[in-house]
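Here is a report on one protein model, written for reading beside the sequence and the structure. Please keep both in view.

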Amino acid sequence: MSAPSPRVIEHNEPDSDHSKTSWRNIANLWPDDPSHLVKIALRTYSLSLSLFLGPALHPLALTLVNRSSSLETRFGSFRRVLRREVGLTGFPFAITVAVCGGIALKHFWEAVLGIHHVRLDKQDDPGVRRQLVVASTFRRRATVLSLVAQACSRMSNSSLSQKAFLSNVLSSTIALFLLQRTRLSKAGSHRPFATFGFTLLFFCRATDAIMQHFLSVESARKVSLINISTNRSKPTQPSADALMLAEGDGKAKKWHQSTAAWLDAVVFWACSARIMWCFFYQPHRLPPSYVKWISSLASVDRRLLDVLRVMRSKEWVYGHSSTHSHLMTSYAKDRGYPSSWGDPQVLPACGGTDADVAWKALGVPGRGGVGGLPCELLHSGATTRWGLDNSCLTNVGVRFCLAFIEAMALYLPVHFLPLLFTRPSSILQRHRAIPALLAAIRSATFLSTFLSSYFFAVCLTRTLVLAKLFPWIPHDVWDGPYGSVLAGSLTCGWSILIENARRRGEMALYVLPRAVKASLPVKWTAGNHAGARLAERIVFVLSLASLLTFAVHEPESLRGLSRWTLGFVMKGLDAEFWKKRKEQIETHPQMPISPSSNSVSTQGVDRL
């Protein structure tokens, strides 16, 4: 009676083995190589989709909370957002085509060139002959690809990075075509700068990578010169030679880092000067959220900004009546001062004894020898409440303290959230929490110094120093676009030297696209300028192709977000910096970290 049992086992075991073999075969289809094209495509699409779908759905989420529209309208908006972002013309798919298309084209051309450049002494091999016949047939059936392959074959002496750049140029062109394909205005004409934000971002990042490449080349040249001088010196022991070579390599690396840090500081200074000047006179050139945040941090009344702008257009002149005089008269009254303090007709235009007589009649204290608006109207409202509004130095100190408190509320999450997400238990360890706290204090000091130094330069120009040294110069100059506002704009950016050197680069790269956009002619960014549209497309393609080429062949030239994102896309968690980070945590779990190592978040950078 027990005979059927073995037959049942013999019948079930092959099915079990077959199912295990099937699952094993399916699992083997998934590539183990992190740089495989399929894995790169999945990482690129998922990362870009997560970065762009969230902000796109944010306004829709607000309508769901506020219930400002019907359910059908909200559902239709949700479908349009998904269709735009997930479709073939959305950024996730387009950037995936750019990344993976360049890699695929490079492999294809390498294969074609490998067949095309088979040496004659190997053509007698039957296998090679069959490959040549297949390649020949393929070229006859694919004329376009044949032309591309022939063009690439002429570049047989070029390097791998040059071939990769050409491949990335072609794939980036396709990505640009996808992004601009359906971006039409209401009138039906193509908007010239549908991808202008991406173009500026890619251009600035690619320019930084090229600059870092040249700095690396110069640093390597210095190392080679040191090595040559060491070899030509008197013969010494091998250990001494190794020590001298290591010392020379350290000097070259230090030169590279210091040069890059100073270049970052100069770039940030120039960009912040342009941005702050545009904030006062041309806010339409800046993102609205950017203008709103600067206004909130600086605590500047809108009427004061309007007066500065009408001064620039000569509609407000000291000593003359103006149709815009109500702006400052109402503002002075709201601040608790006489409305005459804001009337341009009675305010002295120049300094000297005449200005002293006018100030005595108006009852303005502490402004002898200079003209223009009383500084009390420019100072912080907090100084008025505390009765300290007649001191420019007190205004600077109050603005510094208020900005520092607000900046600490901003930078504490920036420096502590990475610890909470990566190593939550380390937040209670003193050697990790204290460096993060010091880094937050340092960043907050930078931001508060940025703001207070601006107003200090304004007061130095129009009240304390320059206006007193040159009292005959009209105050329309000191309060004009090239007076105190320009002085403050040129001063505040140097506060970046307070910030950690490693953070300067990312902050400079954040403000650079905004400064570039604010410096371009308005007709290039707002009109249908054919030349500007063509230039923008060329810059987009070349910049994106450069970034993708650097990511594969020279990733050390990338910095900050560019290096993190492209490193993750190309190699996943096997990227070099991710490996170093993991080894550091595993090898030295109790090693104190520097303040800069916690400064990887750019939430604070997004504010300035």
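The report covers the overall fold, the cores, the aromatic pairs, the salt bridges and the surface.

## Basis of the model

This is a predicted model: local features need pLDDT of at least 70, side-chain atom pairs count only at pLDDT 80 or more, and totals for chains, interfaces and linings use all residues. Residues are numbered from 1 along each chain as its sequence is written, and side-chain values use heavy atoms, with hydrogens and water left out.

## Overall fold

The protein chain has 24 helices and zero strands. Helices (H or I, at least four residues) and strands (E, at least two) are DSSP runs, numbered from the N terminus. Of the 608 residues, 41% count as buried. Buried means under 20% relative accessible area, exposed means over 50%, and partly exposed lies in between (1.4 Å probe, protein chains only).

The accessible surface of the chain is about 33000 Å². Carbon and sulfur atoms hold 64% of that surface. Areas come from the Shrake-Rupley method with a 1.4 Å probe; for residues, only the protein chains shown count as cover. Among contacts in the chain with a separation of 6 or more, 72% join residues 24 or more positions apart. Contact means heavy atoms within 4.5 Å.

## Nonpolar cores

In soluble globular proteins, nonpolar side chains tend to be buried together. In this model, the largest nonpolar core has 66 residues. A nonpolar core is a set of buried Ala, Val, Leu, Ile, Met, Phe, Trp, Tyr and Cys residues joined through side-chain atoms within 4.5 Å. Phe280, Leu373, Leu377 and Tyr411 have the most contacts inside the largest core. Helix H9 (residues 238-281) gives this core its largest share, ten residues.

Leaving aside neighbours within four places in sequence, Phe280 is in contact with Leu305, Leu308, Arg309, Tyr454 and Val485. A second, separate core has 30 residues, including Val169, Ala209, Phe540 and Leu566.

## Aromatic pairs

The whole structure holds 16 aromatic pairs. Rings of Phe, Tyr and Trp (its six-membered ring) pair if their centres lie within 6.5 Å; planes under 30 degrees apart count as stacked, over 60 as edge-to-face and the rest as tilted. Phe268 and Phe450 form an edge-to-face pair, 6.3 Å centre to centre with 70° between the planes. Phe268 lies in helix H9 and Phe450 in helix H16 (residues 430-464), so the pair ties together parts 182 residues apart in sequence. Both Phe268 and Phe450 are buried.

Trp277 and Tyr482 form a stacked pair, 6.3 Å centre to centre with 25° between the planes. Trp277 is in helix H9, while Tyr482 is in the loop between helix H18 (475-478) and helix H19 (484-492), 205 residues apart. Trp277 is buried at 8% relative accessibility, whereas Tyr482 is exposed at 61%. Elsewhere, Phe91, Phe198, Phe202 and Phe540 form one aromatic cluster.

## Salt bridges

How many salt bridges does a search of the whole structure find? The search finds ten. A salt bridge is a side-chain nitrogen of Lys or Arg within 4 Å of a carboxyl oxygen of Asp or Glu. Asp208 and Arg559 meet in one, at 2.6 Å, N to O. Asp208 is in helix H8 (residues 196-232), and Arg559 is in the loop between helix H22 (530-553) and helix H23 (560-571), 351 residues apart. Both residues are buried. Asp208, Asp264 and Arg559 are linked in a network of salt bridges.

Asp334 bridges to Arg303, with the closest N and O atoms 2.7 Å apart. Asp334 sits in helix H12 (residues 325-334) and Arg303 in helix H11 (residues 302-312), 31 residues apart. Asp334 is exposed, at 56% relative accessibility. Arg309 and Asp306 form a salt bridge at 3.6 Å, N to O. Arg309 and Asp306 both lie in helix H11, three residues apart, about one turn of the helix.

## Surface patch

Leu393, Leu464, Val465, Leu466, Leu469, Phe470 and Trp472 form a nonpolar surface patch, with about 670 Å² of accessible area together. Patches are made of residues with over 30% relative accessible area and no salt bridge: like charges are joined within 9 Å, nonpolar side chains (Val, Leu, Ile, Met, Phe, Trp, Tyr) within 5 Å. Leu469 lies in helix H17 (residues 466-469). Leu469 is exposed, with a relative accessible area of 52%.
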